[in-house]
Every structure is written in structure tokens, then in C-alpha cells.
Amino acid sequence: MATRSLAEIIVGEWWHRRQQNVDQAQVDRDMVENGLLTPAYIFLVFISCAIATLGLLLDSAAVVIGAMLIAPLMGPINLLGYSIAKTNLAYGKQAALALGFGVVAALITSYTIVNFSPFIPPTAQILARTNPNFFDLLVAVFSGLVAGFAIIRQQGGTFAGVAIATALMPPLATSGYGWANASWDIFSGAFLLFLTNMLAIAFSVTGVSLWYGLGKWPSGKELAWRGGMALFVLALLSIPLVKTLNSSVSQAILSKQVQDLVSSALPADDTIQQLKVLSPPGKQGAEVNMVVLTRSYDAGLEQKLNTLLDARFGKDSRLTLDQIVANTNALDLDQRISAQLGKLTQSQQLQADSRKAPLAIRNTIIAGIPARVGQLFIDEDSREISAYLAPAAGLSLTALQNAEITLSARLTGWQLQIIPPPMPLPLQRFEENSAELSAEDSRTLISSIWALKRWGINRVVLTGHAGLNEAGRGTRTLAQARVATVAAALQRHDINSQKQTAYPMAGQAVIEREQGKAALRSVYLTLGPTGP
């Protein structure tokens, strides 16, 4: 019993000395001054939210962190926690007024900026604030403890870390983005993150204030009631956060299992370019969207992978597979094209000094083509000529097509085909705010179609672009319309296309600044799968 009394004396003396080291009057002034609704606070709320919103739209972590460091909402939240510790109703009302104004003003600011901006799909910075979990609650609790300690012990240097650790303005700006785009999943997820951080910080500041003797310790039933209410609120917040954390962990495990299963079934040269795995609620199985970079198209690959997924994860599994045939090696591409085109001609190869080839025809072809002829096939029986061109810089498909037309007119009775070497297809440019091809651009597309026919390629990938804010909120739709225009022209020549849109493009502002605003008013054509 004596030992316990001595321990109580020692702890009590230590605690009393720590409280004596705190300037309670200064702490009270700091809490109140930083937590009131003042012109400076109003100004900082608008500026901080504007910076946070622009950082989210630009997908810039540095800009978002800048908005965090301003942290105008920390003052009212700290005062709210302090008022709970002091049981000071006046302080609580002042904190609630400033905090309520800050939340509403931030939402309206973000909503306005997003509405007056071109439509930008949810960026990584936006999505990172729409799925809070239990760890976010723990971060907010610990940061709140540091915030209270920093004010009470006059440790101002720690505020920057607290402001970054517990993002307050970016979640509100994200909620404004969701409101402006009627995306209530984004709105609710981001607002839950803000609410979690706000309450956790306030309760933590309350605890620190009581620890340093800046409040009134409740006793008996009052202590149990207040503590129970605080724990009840945090428990309510924890329920969805714990569910989200469990879901994230399960999702990560499922994604890893699917990736391992699929990788083991793919050929050695194939690469998974994109993998998205979802676990639909109420179903057993996995919903998988995958893009595979392959050397050769495999028509049975999707069925094979579906069978594996069904066996491993259940019959509800579903796979969406896109195979992109990519021959980045020019020699490989040349061999593939030559093999395909070789099926079109049954002829014998003649060297330059071959006596079997009519010398006049050979000289006419070589002289009439604005490129070096690598191989020449002449079939006198079927009266067919195929000229394979050697790779060279600066070749123009339009010039080569015109050469074929001119030579065909001169070589009466012969059927001539000029086969261009492997080369990138020219991009299709569009006028500002237009999804229609001009006469010049139509000729460029005709030359691309001619080259695809000569190569034996019947499928391409189309990627549509548009200038930043070229058509306001309809800019992405404009890029999609441009892709549709090119795809329709290709389809008329029995060439299928995989359509995709890249707007806004990563680093687009820099590209337009360096190359001009018209740099990305275009559609890119790249070789796609050759299978059915």
C-alpha cells in the first residue's frame, strides 16, 4: 500500500511539473486566434482550395502538397477539440462557425473551378482520396496528437508534417470534383476521408489538452459518458474504413493470384501491358480486364484463360482480353509482311542481271520508283510484277502510291504492286474543332490504306487526340468523333480498327507549348492484331 502511495506521489509530482511548463494563457490565445472566422481565414480557405483543385486536375502531387501546407482548416478543428476539453460552449460555436464556412466555401470553390475547366477524367491524385481505410483514421489520430502537442508546447515546426499527413483541403476539393461531375462515389468517398481526419484530429487535440491540464477532467458517470460518445463516433467511422481496408487487401491478393495464373499460361514472349481485376459483390469469381502485348495473335487465348479462371476462382469469372501484336523489331515486321504478301504472288525472283526478266520493264520500274528496289518479282505467265522496296529515311507513302499508279499506266497489260518497307503510318490531322478530314488529309489516309493493303494488314489501332480545351467540355467527345471518322474510312476498305482515345494526354500542355496547339489535333494509326 505504501509503495502504491509513493508511486502516486511521484507520478502526480511529475505531471504537475509538466503542467507548470505550459503557458496556459498563451495556448488559449493561440487556439482562439487560429480558430475564428476572420478575413484572413476566409482568404486562405479560397486560395488553398483553388490550389488543391488545380493540383488534382493537373495530377500534380507537388501542387496538392502546397495546398496541404496552407492548412486553414486546422485552426477551427484544433479549437473544436480544445473547446471539448474546456467544455467551453462559446469556443465550440466559434469553431463550428469557422469550420462550417470553410467546408461550404471549399466545396463551392472546387465545384466552380471544375465546371469552368475542360472535362478531365479522374486523375491518380483524385482517386487516391476516394477510398479511405482504417489506416487513414490511425494517421489522423496520431497527427491530431502531434497538432495538440505542437500548439501547447509551442513546437510550430511540426505543423508542416501534420498538415501533409492529414490532408484536409484536398479531400474537400475532390468532393467538389465529384459534385461537379455528378460522381457521387467520388464525392462520398472523399468527404468520408475529410470527416475521418476532422473528427480524429479534434478528439486527439481534446485528449492532449486534458493531459496538459488545459481542460476539466470529467469524473464518474460524466467521464464514462463523454469517453463512450467519442469512442462510439470513432467506431462508427471505423466500420466503413475497416471494410474498405479489408476490401483493398482482398483485392490486392486477388490481383496477384490472377496475375500469377495468367502469366504462367502466356507464351514466354508475351507481356501483360494492363491488368485490372475486380471482385463483383455477391459473386464468386473475378472480373478481369487485360491487355497483352504479343508477337502473334492467338484466337484461342481468351477461351484458354477463361477456362483457367473458372477453374481457379469460380464459374462467375469473366475475362475481357485485348491482344496487341507489336513487332518493334523492323526485321521481324519485314519478315511478317513479306510472308503475308508472298501468298499473294506466285512468281520467281530475278536478280538485277537475270536474263529471264525483260530488261526494259526492269529498267522502267527502277527508274520510276522514288526509292531503292530491294527485290523484284516478275511473273511473265500471269503478267504480275511485285517490287519490294528497301528501308530508307524520308519515304513518302503518297509518292510511292503515285509512282505505282504512273507505272501501271505505262506498263500496259501488266499488274504492278509496289510494296513499301516497314515504316510508321502518317498521323491524320484535323482542323480546330473539326472531326472531318480535309482533302489533303483524306489523300494521306488513302495512302495509309494503300500501304496496309500492300502489307496484308487488316487491323489497326486508332488513338484519337484533341487540343487542350479545344471544344470545352466536349473536347473528349471531339477526339472520339475523330477516331470514328478514320475508322469508318478504314472499314470501307475492309480494315478493322481498335478505337481508343487519349485525352488529356500525359504532358500534353508541355507538348503543345513546344510544338504548337495543333500538335495533337490528330489520330494515330498503329499496326494492330492480324488475327480475326
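Figure 1. Among contacts in the chain between residues at least 6 apart in sequence, 76% join residues at least 24 apart. Contact means heavy atoms within 4.5 Å. This is a predicted model, in which local features need pLDDT of at least 70, side-chain atom pairs count only at pLDDT 80 or more, and totals for chains, interfaces and linings use all residues. Residues are numbered from 1 along each chain as its sequence is written, and side-chain values use heavy atoms, with hydrogens and water left out. The chain holds 19 helices and eleven strands. Helices (H or I, at least four residues) and strands (E, at least two) are DSSP runs, numbered from the N terminus. Of the 532 residues in the chain, 43% are buried. Buried means under 20% relative accessible area, exposed means over 50%, and partly exposed lies in between (1.4 Å probe, protein chains only). The chain's accessible surface is about 27,100 Å², and carbon and sulfur atoms account for 58% of that. These areas come from the Shrake-Rupley method with a 1.4 Å probe; for residues, only the protein chains shown count as cover.

**Figure 2. Confidence along the chain.** pLDDT is the predictor's confidence in each residue, from 0 to 100. Its mean over the chain is 75, and 72% of the residues reach 70 or more. Residues 327-331 have pLDDT below 50; beyond near neighbours in sequence, this stretch has seven contacts in the model. Residues 336-357 also stay under 50. For them the model has 39 contacts beyond four places in sequence.

**Figure 3. Helix α2, end to end.** Helix α2 covers residues 24-35. How far apart are its end C-alpha atoms? They are 16 Å apart, which agrees with the 16 Å that twelve residues should span at 1.5 Å a residue. The expected span is 1.5 Å times one less than the number of residues. The buried residues of α2 are Val27, Asp28, Asp30, Met31, Val32 and Gly35.

**Figure 4. Thr174 in helix α10.** Thr174 sits in helix α10, residues 169-180. Is Thr174 buried or exposed? Thr174 is buried, with a relative accessible area of 0%. Not counting residues up to four places away in sequence, Thr174 touches Leu56, Ile126, Arg129, Thr130, Ile186 and Ala190. Look at Arg129: 45 residues separate it from Thr174 along the chain, yet their C-alpha atoms are 7.1 Å apart.

**Figure 5. Phe191 in helix α11.** Helix α11 (residues 184-211) contains Phe191. Phe191 has 25% relative accessibility and counts as partly exposed. Leaving aside neighbours within four places in sequence, Phe191 contacts Val103, Leu172 and Ser175. Ala173 is 18 residues from Phe191 in sequence; C-alpha to C-alpha, the two are 9.3 Å apart. The 28 residues of α11 reach 40 Å from first C-alpha to last, close to the 40 Å expected. Just after α11, Gly213 takes a positive phi of about 75°.

**Figure 6. Strand β6 between two partners.** Two strands pair if DSSP finds at least two bridges between them. Strand β6 spans residues 384-389. Five of its six residues are buried, so β6 is largely enclosed by the rest of the structure. Strand β5 (residues 373-379) runs antiparallel to β6, joined by six bridges. Here Val373 stands opposite Leu389. The β5-β6 hairpin has four residues between the strands, and Arg383 takes a positive phi near 60°. Strand β7 (residues 415-419) runs parallel to β6, joined by five bridges. Here Tyr388 stands opposite Ile419. In a regular strand the side chains alternate between the two faces of the sheet.

**Figure 7. Gln401 in helix α16.** Gln401 belongs to helix α16, residues 397-410. Its relative accessibility is 15%, so Gln401 counts as buried. Apart from neighbours within four places in sequence, Gln401 is in contact with Ile446, Ser447 and Trp450.

Figure 8. Strands β9 (residues 459-464) and β11 (residues 522-527) pair antiparallel over five bridges. In that pairing, Gly464 has Val523 of β11 as its bridge partner.
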